[in-house]
Amino acid sequence: MIDGRFVVDAHVHTPRLPTLKQAWLDWARDFASTYPWRTVYDDAGSVIPAAMDELMDREGVDRVLLFCEYSPRATGIQPIEDNLPLVAHNPTRFRLVANVNPHLHHPLRDEVARQLDLGAVALKLHPVHAGFSPADKELYPVYELCASRGVPVILHSGWSVFPGSRASFGDPALLSDVVEDFPTVNFVFAHGGRGWWYDIAAFMAQARPNVWLDLAGLPPKKLPEYYARFDLPRLARKWIFGTDWPGVPGTAENVRALAGLGLPEETLADVLAGNAMKLMPGLK
């Protein structure tokens, strides 16, 4: 807990460093600044589960969603299996998130099912890094599987700094038909429409009960500016806390900055944990 509040960090990257392109390492260095994320890695570039667990414990993070990624265009390939040692070390704190790339996996549904069977509590799609439209009909069997399993779909929305990215696939409006075609699937826009799509992402979150916004990578103090056209306390009911770890000055620092926005305490509790727990019952 952080200041007595239960905290779920719903957006964390713990890749093996040799699997990454240099641009990812540069991003982590620039955005993490003095945050000691490299201390959880051994000399070979693999996460030391006990060290990561201890760091999250010191920060006060109760649940951590671990992302994998299959994006050779932009960041590299970080398979879900690389995160299994963290879950084995502390299955209470750490949870898996699945990821697929239609350019690499076929049939997509089978690979998603395999990763969910490993224990993943959500599916992450990265259209921007992988270079595909999230509205492609090839993904519909995946969305059907998520509907049958009660699993949310997290999608990167907005801009990305990594070479090889295709920002046009980060437009939240691409999901306008999908969220209606799959009303029982919860869709989470990671980064909340970062760049020039904040308004689209926020409007969809308020208009559709199955659309949510993940705050990863967004400085909490900037949220009133990013969503200036919206009633912030009302919009915040659809927020899910995440940091984009390690590109963050510190999880506790972000939580306290978020608390400083003056949201109702019940809403803040939902942002920090309640909404994620509702969408992903496996976190409980």
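Keep in mind that the model is a predicted one. With that cut-off, searching the whole structure turns up 0 disulfides.

**Cysteines**

- Cys 68 is in no disulfide, and its nearest cysteine sulfur, on Cys 146, sits 13 Å away.
- Look from the other end and Cys 146 is in no disulfide either, with the sulfur of Cys 68 as the nearest cysteine sulfur at 13 Å.
- Is Cys 68 buried or exposed? Cys 68 counts as buried because its relative accessibility is 3%, and buried means under 20%.
- Cys 146 is buried too, at a relative accessible area of 1%.

**Strand E9 and its two faces**

- In a regular strand, side chains alternate between the two faces of the sheet.
- Strand E9 covers residues 211–214, and both of its faces are covered.
- Val 211 and Leu 213 are buried on one side, while Trp 212 and Asp 214 are buried on the other.

**Who E9 pairs with**

- Strand E8 (residues 187–194) runs parallel to E9, and 4 bridges join them.
- Phe 189 has Leu 213 as its bridge partner in E9.
- Strand E10 (residues 239–240) also runs parallel to E9, joined by 2 bridges.
- Which residue in E10 is the bridge partner of Leu 213? That is Trp 239.

Note on methods
Residues are numbered from 1 along each chain as its sequence is written. This is a predicted model: local features need pLDDT of at least 70, side-chain atom pairs count only at pLDDT 80 or more; totals for chains, interfaces and linings use all residues. Side-chain values use heavy atoms; hydrogens and water are left out. A disulfide is a pair of cysteine sulfur atoms within 2.5 Å. Buried means under 20% relative accessible area, exposed over 50%, partly exposed in between (1.4 Å probe, protein chains only). Two strands pair if DSSP finds at least two bridges between them.
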